[in-house]
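Please go through the notes below with the model open.

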Amino acid sequence: MIEIVVIGGGAAGMMAAITAARQGGQVTLLEPNERLGKKLNITGKGRCNVTNDCDQETLMANIPGNGRFLYSALTRFTPQDAMAFFEGLGVPLKVERGNRVFPVSDRSFDISGALERELRRLHVRWVRDRAREITVQDGHVTGVQGEKQHYPASAVVLATGGVSYPATGSTGDGYAMAAALGHTIVPPRGSLMPLESSDPDCAAMQGLSLRNVEATVLNGRNKPVFREFGEMLFTHFGVSGPLILSASSFYSKNISKRKGDDEVKLFLDLKPALTPEQLDKRLLRDFEEAKNKQFKNALDHLFPAKLIPVMIELSGISPEKKVNEISREERKAFGMLIKALPMTVTGTRSFAEAIITQGGISVKDINSSTMESRLVKHLYFAGEVLDLDAMTGGFNLQIAWSTGHLAGESIQ
């Protein structure tokens, strides 16, 4: 019986341990936290966005970070396979807007609990210990040195996660252990996190949530680096919400420190379903119906209350002006503002607020067909410890399930 040590009791580590144990391996799972799946339990605001029930093309389109490397893993264990896996463990699932998949109960603990039960059923031994070193002899792994003792193994899976959400135990230990064995580490940085803005309008609209808007991010050289449609939230420091978290992924990758890139612009199309011509007809109709009202009292049908004062101020039109006195040029300019509400982005929030980590162990050092190291025999990797990242919507957890499954399956 093969002795296997899995380092890390998160999503990828638990999947790797279960898959290896189902193949008959004797598995020890090292996790220093007081419970398994600590980060998993806070995903999706505690609901756990398990995966995304999409096709392969959509899946790959939502993985901007080394998606091609994941082709084997995602083909061998698809989102539909992940759904069948959890329903097979007794967790009923549901599909919501954007093909996001959640447990019917809306409880992330049902996902982590099902994984823990399966680990116990398979007699996977969980030890609360922190791994410090992967021991190697003649190019093959021989075990793992923990803080408490040494764990002999003929195969090791490193699945310690990144450095986002440090309160959940994401310490970056995996990077040090991999680097000590010669693996290249792509400098880690946070991703899927809120954006900060110097615009006072954000604080004025704090708490306002907008649905069905389109966000475009331009770098300091006016080059678009992101354009997407979705939901966002204004905060006291800037903007957040699913759409903005996705934007931050591209922001981190494409915004350099070169001169000019500190003037990053975010434009919001508040009416993306309407062309400029259609919007102008809408404004004409609304203005005709409210022609005797003051401008400040004629926008209730267009915007939520917190947004109206901001739109009036940015329009340059006097709030006291009668609607029937607004010129064609003013109306056209107002339409342009609605289609491209400008904001200045000054940066992202800290690692403590990042949902995932960009960067990590270079995939160039990994065999994509097996998740095995190209440098050390019988050392495998899974999950966020690798230089892999995706958009919001269940795609990052799918990477964890797929890479964990492939790593566990590949151990012979």
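In which strand is N212 found? N212 is found in strand β13, residues 209-218. Helices (H or I, at least four residues) and strands (E, at least two) are DSSP runs, numbered from the N terminus.

1. Ground rules. This is a predicted model, in which local features need pLDDT of at least 70 and side-chain atom pairs count only at pLDDT 80 or more, while totals for chains, interfaces and linings use all residues. Residues are numbered from 1 along each chain as its sequence is written, and side-chain values use heavy atoms, with hydrogens and water left out.

2. Backbone at N212. N212 is not a glycine, yet its phi is positive, at about 55°. It counts as partly exposed because its relative accessibility is 49%. The bands are these: buried is under 20% relative accessible area, exposed is over 50%, and partly exposed is in between (1.4 Å probe, protein chains only).

3. Backbone at D106. Here too the residue is other than glycine and phi is positive, near 60°. D106 sits in the loop between β5 and α5 (108-121). With a relative accessible area of 29%, D106 is partly exposed.

4. The barrel. Six strands close a barrel in the order β12-β15-β14-β13-β16-β17, with antiparallel pairing. From one strand to the next, the twist averages 45°. Two strands pair if DSSP finds at least two bridges between them. β14 (residues 224-234) and β15 (residues 238-240) pair in the antiparallel sense over 2 bridges. In β15, S240 is the bridge partner of L233.

5. α11 lies across β16 (264-269) and β17 (341-348), and runs at about 110° to β16. Contact means heavy atoms within 4.5 Å. Axes are lines fitted to C-alpha atoms, for helices over the stretch in contact, and angles run from 0 to 180 degrees between N-to-C directions.

6. R331. This arginine is in helix α11. R331 counts as buried because its relative accessibility is 11%. Its side chain makes a polar contact with the side chain of D280 at 2.8 Å. A polar contact is a pair of N or O atoms within 3.5 Å; within protein, one must be able to donate a hydrogen and the other to accept it, and residues adjacent in sequence count only if both atoms are side-chain atoms. Leaving aside neighbours within four places in sequence, R331 is in contact with D280, L283, L284, F287 and I326.

7. G316. This glycine is in the loop between α10 (308-315) and α11 (328-339). Is G316 buried or exposed? It counts as exposed, at 65% relative accessibility.

8. β1, helix α1 (residues 11-22) and β2 make a right-handed β-α-β unit. Right-handed means that, with the strands pointing away from the viewer, the path from the first strand over the helix to the second runs clockwise. β1 (residues 3-7) is mostly covered, with 4 of its 5 residues buried. β1 pairs with β2 (residues 26-30) in the parallel sense over 5 bridges, and I7 stands opposite L30. β1 also runs parallel to β10 (residues 155-158), joined by 4 bridges. There, V5 stands opposite V156.

9. Three strands form an open sheet in the order β3-β5-β4, with antiparallel pairing. β3 (51-52) and β4 (93-95) stand at the edges, each with a single partner strand, so one side of each is left without a neighbour in the sheet. β4 and β5 (residues 100-103) run antiparallel, joined by 3 bridges. L93 has P103 in β5 as its bridge partner. Helix α4 (residues 79-88) lies across β3, β4 and β5, at about 145° to β4.

10. T403. This threonine is in helix α12 (residues 395-410). T403 is buried, with a relative accessible area of 0%. Its side chain reaches the backbone oxygen of I399 at 2.7 Å. Beyond neighbours within four places in sequence, the contacts of T403 include L70, A73, M371 and F381.

11. The core. A nonpolar core is a set of buried Ala, Val, Leu, Ile, Met, Phe, Trp, Tyr and Cys residues joined through side-chain atoms within 4.5 Å. The largest one has 124 residues, of which I111, L115, F234, L270, F303, F334 and W401 touch the most other members. α1 gives the most to this core, with 9 residues. Leaving aside neighbours within four places in sequence, L270 is in contact with residues including N212, F303 and I338.
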